[in-house]
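Conventions are given where they are needed.

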Amino acid sequence: MIQVRELTKLYGKKQVVENVSVDIRRGQITSFIGPNGAGKSTLLSMVSRLLDADTGEVLIDSTNTKKLKSNDFSKRVSILKQSNYMNVRLTIRELVSFGRFPYSKGRLNDEDEKMVDQSIDYMDLKEMENSYLDELSGGQRQRAFIAMVIAQDTDYILLDEPLNNLDMKHSVQIMKILRRLVDDLGKTVVIVLHDINFASVYSDRIVALKNGRVVKDGTTEEIIQSAALKEIYDMDIPIQQMNDCRICVYFNS
Amino acid sequence: MRDLHKMLILVGLALAACGVYLFQDLNGSFDYALPRRGIKVFAMVLTGVAIAYATVVFQTITHNRILTPSIMGLDSLYMLLQTLLIFFLGSDHITIVNKQVNFMLSIAVMVIFALLFYRLLFKKNDRPIYFLLLVGIICGTFFGSITTFLQVLIDPNEFSIIQDRMFASFNNVNSDLVWTSLVIITLLIAFAWKQNSSLDVLTLGRDTAINLGVNYDAIVKQMLVLSAVLIAIATALVGPITFFGLIVANLSYQFFTSYKHSVLLTGSIVISVVALVGGQWVVERIFTFNTTLSVIINFIGGIYFIYLLLKESRSK
């Protein structure tokens with residue numbers, strides 16, 4: 001379990017994240033939703049130690065993250081940010097191999113190679129593993145980065161808007177893979193999402209932020225309710241049940 | 001495997017350049033000409049190693065391939081120091097006449113400046129590295145302006161001595177200094193070589209590097225200090241020559257397909273040896289000492305820099 005305790009982040013005098021406490025349960029997908037500027041990405045960056053919190057602490061399986069060495073941390077929690085600009089040309093396989101860095105420090109042994117192979121297979125990238133990243137489409141590149149995170153083999157996987165710039169087909173593909181990571185491999189996934197329908201269909205729990213504070217925190221059924229969404233987005237959003245999915249029809253509200 | 005072949009070809013070229021430089025028209029002068037040429041080659045190799053290493057590492061930590069460590073203002077500081085010494089103490093003072101004293105003093109001033117500079121700027125941990133570079137540019141310009149001001153006032157005879165220092169030259173390198181530099185550079189690189197795999201991860205960007213467990217802030221600081229010290233040694237040994245690093249680092253990126261720093265660093269080092277020794281041969285044999293190596297380097301480097309800028313702007 002990841003326990004977030006009273007995290008606060010200030011940019012100048014503006015509090016972008018204010019006294020946030022959240023529990024993230026193991027073996028589930030937890031989605032962070034909320035309007036632009038709610039502090040979702042900032043919160044995720046602080047949990048994953050990309051950003052220092054001004055106050056508060058994060059516990060991972062009851063260990064304070066400040067007490068973890070960076071390398072040990074990277075064996076337990078991985079984070080994928082939205083922009084992944086790089087200076088070098090890498091093939092998919094080279095990128096995925098970097099996922100083993102916390103274990104092998106760049107010298108891959110047989111076990112590392114096996115893990116890299118598995119991750120590439122898992123993301124269905126086998127036939128293009130020697131293509132360069134800059135030759136790929138957005139969806140393929142995103143899958144390559146997720147394969148790197150899978151090779152990193154951490155219990156907790158944090159993703160910051162992984163569906164950005166992806167079309168419907170690839171978005172669904174990515175979400176299905178994340179679901180499988182949780183259901184088949186027992187990973188814990190935390191994901192920042194903009195589209196509440198993806199959050200509704202794929203997540204177990206939803207944490208809603210607004211103006212740097214947690215306004216709702218509960219199971220998907222509890223949050224995907226017109227009243228709760230009104231509070232989060234200031235919009236009247238009717239909800240339709242379709243098969244097993246609860247779909248928010250926000251387009252003309 | 002192809003990278004290995006390229007490396008072998010380059011090493012062959014470097015050895016050939018050194019061989020030609022050492023033995024051409026030697027006429028059996030093994031006691032006089034050979035040791036003198038040997039020291040020059042030695043100095044060129046050391047300078048090449050220091051500049052190439054410092055530049056590649058610096059470009060990795062700044063995520064920018066058209067920067068050189070000279071942006072930290074160390075070259076300008078070196079020139080300011082030389083000008084100040086000659087202006088206030090005169091060209092016959094021990095700090096100018098005695099090469100060893102001058103060498104140590106120059107290194108000390110540059111390293112202390114770099115350390116103070118980082119200390120001040122890293123006090124607040126959240127400052128981006130570009131802030132540091134901008135302050136570096138301002139310091140460099142400031143030092144440059146004072147230098148020019150003093151040079152305008154100075155006695156013309158003294159100025160000719162300063163002018164001598166303004167361009168890198170291998171023509172009268174002190175052999176004791178070469179040995180001292182060898183020791184320091186070897187120690188530094190032996191220590192830094194272990195960080196190569198972390199530097200590989202750093203090319204993926206800050207966020208990914210931290211995600212993969214690299215202690216980002218610590219390694220960036222270490223590498224900044226390392227490149228400052230290497231630049232200080234090279235500059236104190238032969239004069240301001242930092243621009244040269246830009247050429248060799250980028251040639252190395254273009255030439256080798258690998259992203260690995262062990263390859264890129266070795267490659268840029270070998271390329272710089274070829275360029276320095278070959279260039280010095282051209283200066284001596286073709287231009288018969290009518291120009292200095294750094295003039296040629298700045299000329300070719302400038303053209304290459306414009307090419308790089310055009311290439312970068314087209315790829316965006």
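1. Helix axes are lines fitted to C-alpha atoms, for helices over the stretch in contact, and angles between N-to-C directions run from 0 to 180 degrees. Helices (H or I, at least four residues) and strands (E, at least two) are DSSP runs, numbered from the N terminus. On these terms, helix α5 (residues 110-122) of chain A packs against helix α6 (residues 138-152) of chain A at an angle of about 140 degrees, the axes being 9 Å apart.

2. The model is a predicted one: local features need pLDDT of at least 70, side-chain atom pairs count only at pLDDT 80 or more, and totals for chains, interfaces and linings use all residues. Residues are numbered from 1 along each chain as its sequence is written, while chains are lettered from A and ligands numbered from 1 in the order in which they are written.

3. Angles under 35 degrees count as roughly parallel, over 145 as roughly antiparallel, 65 to 115 as roughly perpendicular and the rest as oblique; α5(A) and α6(A) are therefore oblique to each other. The crossing of α5(A) past α6(A) is right-handed, where a crossing is left-handed if the near helix is turned anticlockwise from the far one by less than a right angle, and right-handed if clockwise. A:M115, A:V116, A:S119, A:I120 and A:Y122 in α5(A) meet A:A147, A:I150 and A:A151 in α6(A), contact requiring that C-beta atoms, placed from the backbone, lie within 7 Å. These contact residues divide into 7 nonpolar, 1 polar and no charged. Here Ala, Val, Leu, Ile, Met, Phe, Trp, Tyr, Cys and Pro count as nonpolar, Asp, Glu, Lys and Arg as charged, and the others, Gly among them, as polar.

4. In chain B, helix α2 (residues 33-62) and helix α11 (residues 216-238) have axes that come within 9 Å and cross at roughly 150 degrees. α2(B) and α11(B) are therefore roughly antiparallel to each other, and the crossing is left-handed. The contact residues comprise 19 nonpolar, 2 polar and no charged.

5. Chain A contains 10 helices and 12 strands. Its radius of gyration, taken over C-alpha atoms, is 18 Å, close to the 18 Å that the globule rule (2.2 Å times the number of residues to the power 0.38) gives for 253 residues, so chain A is as compact as a globular protein of that length. Buried residues, those with 20 or more other C-beta atoms within 10 Å of their own, make up 39% of chain A.

6. Chain B has 14 helices and 0 strands. The radius of gyration of chain B is 20 Å, close to the 20 Å that the globule rule gives for 316 residues, so chain B is as compact as a globular protein of that length. Buried residues account for 42% of chain B.

7. A:S62 lies in the loop between β4 (55-60) and β5 (63-64) of chain A. With 7 C-beta neighbours inside 10 Å, A:S62 counts as exposed (12 or fewer). The C-alpha atoms of A:S62 and A:Q3 are separated by 7.6 Å, although these residues are 59 apart along the chain.

Conventions: Two residues are in contact if their C-beta atoms, placed from the backbone, lie within 7 Å.
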